[in-house]
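This report covers charged side chains and their pairing in a protein model. The sequence and structure come first.

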Number of protein chains: 2
Amino acid sequence: MGCELEQNIISEWKKHFILKERMLQVKCSSLTPEPVLRASGHVDRFIDWMVKDLKTGECFRADHLIKNTAEKMQADPNVPAETKEQLTDVLAQLEGFDDKDMHKVITTFNMKSPITGNDLSEAVDFNLMFGTQIGPTGDFKAFLRPETAQGIFVNFKRLLEFNQGRLPFAAAQIGLGFRNEISPRQGLIRVREFTMCEIEHFVDPADKSFPKFAKVADLKLNLFSACDQMDGKPAKPMAIGEAVQKGIIANETLGYYMARCQEFLVKVGVDPLRTRFRQHLSNEMAHYAQDCWDAEILTSYGWIECVGNADRACYDLQQHEKATGVKLVAEKKLSEPRVVNFVQAAPNMAVIGKTYKKEAKKIQVALEQLSESEVEELGKQIQNGIYKLKLEDSEVELKKEMINVKRGEKKVHVEEVTPSVIEPSYGIGRIMHAVFEHSFRQREGDEQRTYLAFPPLVAPIKCSILPIFATKKLDPIIEAVEEQMDTFDLACKVDDSSGSIGKRYARTDEIGIPFGVTVDFESEEKPWTVTVRHAESCEQIRVKVDEVGMIINSLVKGYLSWSAAKEKYPVFESKNEEK
Amino acid sequence: MGCELEQNIISEWKKHFILKERMLQVKCSSLTPEPVLRASGHVDRFIDWMVKDLKTGECFRADHLIKNTAEKMQADPNVPAETKEQLTDVLAQLEGFDDKDMHKVITTFNMKSPITGNDLSEAVDFNLMFGTQIGPTGDFKAFLRPETAQGIFVNFKRLLEFNQGRLPFAAAQIGLGFRNEISPRQGLIRVREFTMCEIEHFVDPADKSFPKFAKVADLKLNLFSACDQMDGKPAKPMAIGEAVQKGIIANETLGYYMARCQEFLVKVGVDPLRTRFRQHLSNEMAHYAQDCWDAEILTSYGWIECVGNADRACYDLQQHEKATGVKLVAEKKLSEPRVVNFVQAAPNMAVIGKTYKKEAKKIQVALEQLSESEVEELGKQIQNGIYKLKLEDSEVELKKEMINVKRGEKKVHVEEVTPSVIEPSYGIGRIMHAVFEHSFRQREGDEQRTYLAFPPLVAPIKCSILPIFATKKLDPIIEAVEEQMDTFDLACKVDDSSGSIGKRYARTDEIGIPFGVTVDFESEEKPWTVTVRHAESCEQIRVKVDEVGMIINSLVKGYLSWSAAKEKYPVFESKNEEK
């Protein structure tokens, strides 16, 4: 059941983003060569701080330990009010703490292992990536990717080509991420292997407007801005258009994705009243990020970050460019051509070749890669004798007769820009958890009768098929109903066990099946008919078996509402619901 | 494009198997604790033999090296005929060779590194699993799963429960497998990370009949039986019913899955004339397997194994039972109750407790786990003094007064059986490769004009939208067509670049878009109309914009054939195809 729910949520995500926005899509491997994750900064900085029980060696995530211990102390009547006040400050600043800050808190407040009460070590860093080796020699180091995003960045050049070299464009990736969490817990909330859906939207850094922004401008989101957080004010609803206009949200593209995020969450069953967009505080934002808003959802574990919407500027592409020496830029057409001066060190290959033979080609390449100021420097030095040019692992001396420093003017029609990246990143497991909680219902007047009111689009099973009594006579009708479901690719479940029909209704309600087909003795009259039950209202209509697939498909896809169905088909009074 | 093709193939697989056969489904983690893969035999036996270049250390898969070298030698006119004959024998037996056999071949035929010509090492084993550590302490060893199947076996008890304890039932898993191939190559054929779709069908070992078998009995498959392979005969078409009846295929359940396999492959675009089912020879079959048929597809790389259909008997469940001590069995109702004798060692807990205190509970558990013959042995020994009972890491001495050996008769209504497992296992990347090759076409009379004739169901993009000239006037119509596509969740691509319409048709054909909508100046007359082009035939019909989504959806899903569409809607004569 969980597989189907997850896949249905992902499938809606694909339609909502990839299909609707005509995004490109990639699928990269989970196994990622070390150089990629070194360039992205993950090898050096993707760490958590942990402390160890000095006697047992048990490990705890330092920030979690501080948070839990502080919360316990605040609930303890024996702790003095002054200490509690200090702890309130600690909790407010915890997100920005480094190892030394945390060690200070642990010693100041005399925090111990929550399991044994033993003393704790200083905070040590722990890289959250799973390492392994590729190939038989053991010297090709790799990691399981901690996010899918890097696969898009390293494929940027090809993706840009697929988009005919034009900005803006977006590429998406759906796949597994792996993080070696120190203490995984809370069901689907903190796990070591999880499905992510990520988008990298590449945009001209000078123009982050979004053509379709007007379509979402009036949508109201619960915004919890950095200012409101600092001022201790609550989140407040605001139209996304207004928030962008007032500069609360950095730009239209980021705002558009936040609006579409809310629409998506509601579509798959998250309660918008229990959703807020929390802006990162400046101390928790990565240094390169320009703005970041997490979609947080209220669950029994508190507010949980389920989606990140970040403007990462041009950080990632520049990092990979630096590491590989490959330009990761897009060409931007200038509104009118511009005349620019250029200076260039043109090699005299005949002379160079005579002196440096096989290295001549390398020298040519190295000269092309010199910046304008380096060429100016070369010009100066070579006048007075020699210029030392660095090659990959050597150095050569160039003389005046080898180089011709050319100057001139040229007309350029394009300029190169490193695109900015807007990154919406969805954690599917966490959203799934929220959908479970927000879909949970109890029947009015009988709290024992619980059900899951999944939106039919994401419900794992769309329809149950229940013969009212166990008898072979009804088998051909059941088979005909099953065929109807198969024609429309609707997942269904036959329950012909011996329980009363009311008990079986309750059982299908509990697993969130939105519609039920009941086959009874009236069904046998030609043309065969069955009842269709709407789980949420317990109401039923009577329809022909020939039409039941089409009707349930329309109800599931939303082409037909239940109230419209009740007007179109005869309502059936059931006496079978268990009270 | 590749992502979509893969996902569409997987989605059809899900409908064809999971949905249609009402299978259970699980999603297990890729990271697998070592004990699971030790129990399954992978830690000890999931290896390839490799040889190393003695000077450079470069590694080669021994069997691949022998195969390639032998084939090269056979093509060499300087190699004597006698040697070539010996090499033919080597190639025929290679699948069954161990390390010593391979070393002998390499030395006998003086085989060298194909890169450097250097001497090679003896064959050494190399485990194909990627290892890593889970958690911060580094002492919890794990592997990336080499197949998804083990996740189903270790969840067998829960799956059986979900099926109300009844056999037969099937569980499926779709996910990544990881194999540290020594030399990955041939595009999607041999990769280190790949998507698998696996089914484990659990069935009573005494009754492997299949209720729906009659539905497929007449389907003809190209069968390449072990006997025909040994006799040097080719594969031959045979009805699956006949093959089971003659005992060529072991049982109905295996036969049913083979028939459904062929139906699936054809549905996603594999040519049935280039598909055969090859039975494993006894020396290549795992020792526990009872029968195994690979679906092999003919590609430019030769016959490639794309699907395995194996009867694995009860091997896997028994292995996990042995490793964990947890019974992995199903209860089978006896046709009539049976009276059986039993003997049982009932502990006198009062006495045992006094002597052994805290260990009393462990003793009780150990006594329950004794087999009948062990209880008989206990009865004998305890009469004469003491019985030494083994506990987990100790031994206790039991005396006569501690145990009461009870005998009696009891009526049993069920017996316990370890289910047999029929395992169809699909490699999606390999099937995708075959679909690419088998879908490749050239236009008659103009071989430069190539296209990919994907079945519309799996085509990455279902429809192109092409304005005949680039003009803003047509934009509202293009948008209306896009909305029609979105309503039916049909992936589409607008190409409003400046190329001629014929060039743009050719471009959409090349990427396998089965249908194209052309917006022309006639489109502007109310009601708006467009043409729909069928890529395979280059024929066109003229339809209303309001209906175009419904029509293309019906064509894609197969509710409407192209020839029926031509009768229903006016045919449009296009002068725009490039000849």
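Glu181(A) sits in the loop between strand E8 (169–178) and strand E9 (193–203) of chain A and Arg61(A) in strand E4 (residues 59–61), so the pair ties together parts 120 residues apart in sequence. Helices (H or I, at least four residues) and strands (E, at least two) are DSSP runs numbered from the N terminus.

## Basis of the model

The model is predicted: local features need pLDDT of at least 70, side-chain atom pairs count only at pLDDT 80 or more, and totals for chains, interfaces and linings use all residues. Residues are numbered from 1 along each chain as its sequence is written, chains are lettered from A and ligands numbered from 1 in the order written, and side-chain values use heavy atoms, leaving out hydrogens and water.

## Other salt bridges

Over all chains the count is 76 salt bridges. In chain B, Asp520(B) and Arg542(B) meet in a salt bridge at 2.8 Å, N to O, and both are buried. Shared partners join Asp48(A), Arg61(A), Asp63(A), Glu181(A) and Arg190(A) into one network of salt bridges.

Lys112(A) pairs with Asp119(A) in a salt bridge, the closest N and O atoms being 2.3 Å apart. Lys112(A) is partly exposed at 29% relative accessible area, and Asp119(A) is partly exposed at 41%.

How values were computed:
Salt bridge = Lys/Arg side-chain N within 4 Å of Asp/Glu carboxyl O. Buried < 20%, exposed > 50% of the residue type's maximum accessible area, 1.4 Å probe, protein only.
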